[in-house]
Amino acid sequence: MKRNPGKRLTGIAASAGIGMGNAFSLQCEQRGFKRYHIEKSSVKDELLRFENSVTEATAHLENIIGKIDSRTSRNHYDILQAHFLMLQDPILLDGTREKIRSRLLNAEWALENTVRDLETVFSSNPNETLQERTTDLHQSTRHVFDQLMGIPSRSLSDIPENAIVVAENLSPAETTLFYKTKIAGIVLEKGGRASHVAIIAQSLGIPTVLGVHNALDEIHDSTPVIVDGGRGRVVVDPTKKNSETTTKAGVTAGIP
């Protein structure tokens, strides 16, 4: 890979502060799946596969929620609780079951169709709170899709202290690690100032820049990175001058 020292990327200033460290890239598992019709004789087994996946996903979220102190991490607790309740929503569950029974869709395809139906309802409603439930819907059902496809939950336990976390996006469940490991900064391809990552990063004082185009392609593992969360700027493989200027400027001035 050709080096381009001091390359600058821009994004959304989501949480103020200056973070300096080596990149820790989190590549998201490919979540493509096969869509196919099942035999009538397989409906019972397919329904059981769906029920088991929902049960496993719910238990996973419940375990994470149990580790969060709702008094000191109220926003995070409320977000995960909303996802937990979403996985018990009869409209989501019954809609998927019905598509398996009547249309003979495999569980993944049935769930995908139900999610799209709900997404249409949420996005067309003038109520902003209901519109925002689309994010909760996608993030909560992602756990069910993972169980159906046998994709293990991403483990963030290997992130070293003072690393700059680089990813496409992070779920509320994944950001629980930030309460245990000292993170120097966060750079994501998606998200905005009102996202759960921004809210949690702000509460913990982690410099964060979101909406950085092609961040995973531009920032490779172990590459030194400077994150200016107050200005929405990221410097990849900073030069000595970049580092010295940032160190001297500190939080007051940020990346020039």
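The accessible surface of the chain comes to about 13,200 Å², and carbon and sulfur atoms account for 49% of that area. The model is a predicted one. Of the chain's 256 residues, 49% count as buried. Its secondary structure consists of eight helices and eight strands. When contacts between residues at least 6 apart in sequence are considered, 65% of them join residues at least 24 apart.

**Packing of helix 1**

Two packed helices are described by the angle between their axes and the distance between the axes. Helix 1, residues 43-66, has two such partners in this account: helix 2, residues 74-86, and helix 3, residues 90-102. The table gives the values for each pair.

| Pair | Angle between axes | Distance between axes |
|---|---|---|
| Helix 1 and helix 2 | about 160° | 10 Å |
| Helix 1 and helix 3 | about 155° | 9 Å |

How does helix 1 lie against helix 2? The two pack at an angle of about 160°. Because angles over 145 degrees count as roughly antiparallel, helix 1 is described as roughly antiparallel to helix 2. The crossing of helix 1 past helix 2 is left-handed. On the side of helix 1, the contact involves T58, L61, E62, I64 and I65, which meet Y77, L80, Q81, H83 and F84 of helix 2. By class, the residues of this contact are six nonpolar, three polar and one charged.

The pairing with helix 3 has an angle of about 155°, and helix 1 and helix 3 are therefore roughly antiparallel to each other. Here helix 1 passes its partner, helix 3, in a right-handed crossing. Helix 1 contributes V43, E46, L47, F50, E51 and V54 to the contact, while helix 3 contributes L93, T96, R97, I100 and R101. Sorted by class, the contact of helix 1 with helix 3 contains six nonpolar residues, one polar residue and four charged residues.

**A residue of strand 1**

K7 belongs to strand 1, which covers residues 7-10. Which residues does K7 contact, leaving aside its neighbours within four places in sequence? They are E218, V234, V235 and V236. The C-alpha atom of K7 is also separated by 9.2 Å from that of T239, although these two residues are 232 apart along the chain. K7 counts as partly exposed because its relative accessible area is 29%, and a value between 20% and 50% falls in that class.

**Helix 6 and residues with positive phi**

Helix 6 spans residues 196-204, and among its residues H196, V197, A198, I200 and A201 are buried. After helix 6 comes G205, with a positive phi near 70°.

N162 lies in the loop that runs between helix 5 (128-149) and strand 4 (163-167). With a relative accessibility of 36%, N162 counts as partly exposed. Another is S222, which is not a glycine and has a positive phi of about 70°. The loop holding S222 is the one between helix 7 (215-218) and strand 7 (224-228). Is S222 buried or exposed? S222 counts as exposed, because its relative accessibility is 53% and the class begins over 50%.

Technical notes
Residues are numbered from 1 along each chain as its sequence is written. This is a predicted model: local features need pLDDT of at least 70, side-chain atom pairs count only at pLDDT 80 or more; totals for chains, interfaces and linings use all residues. Side-chain values use heavy atoms; hydrogens and water are left out. Axes are lines fitted to C-alpha atoms, for helices over the stretch in contact, and angles run from 0 to 180 degrees between N-to-C directions. Helices (H or I, at least four residues) and strands (E, at least two) are DSSP runs, numbered from the N terminus. Angles under 35 degrees count as roughly parallel, over 145 as roughly antiparallel, 65 to 115 as roughly perpendicular and the rest as oblique. A crossing is left-handed if the near helix is turned anticlockwise from the far one by less than a right angle, and right-handed if clockwise. Contact means heavy atoms within 4.5 Å. Ala, Val, Leu, Ile, Met, Phe, Trp, Tyr, Cys and Pro count as nonpolar, Asp, Glu, Lys and Arg as charged, and the others, Gly among them, as polar. Buried means under 20% relative accessible area, exposed over 50%, partly exposed in between (1.4 Å probe, protein chains only). Accessible areas come from the Shrake-Rupley method with a 1.4 Å probe; for residues, only the protein chains shown count as cover.
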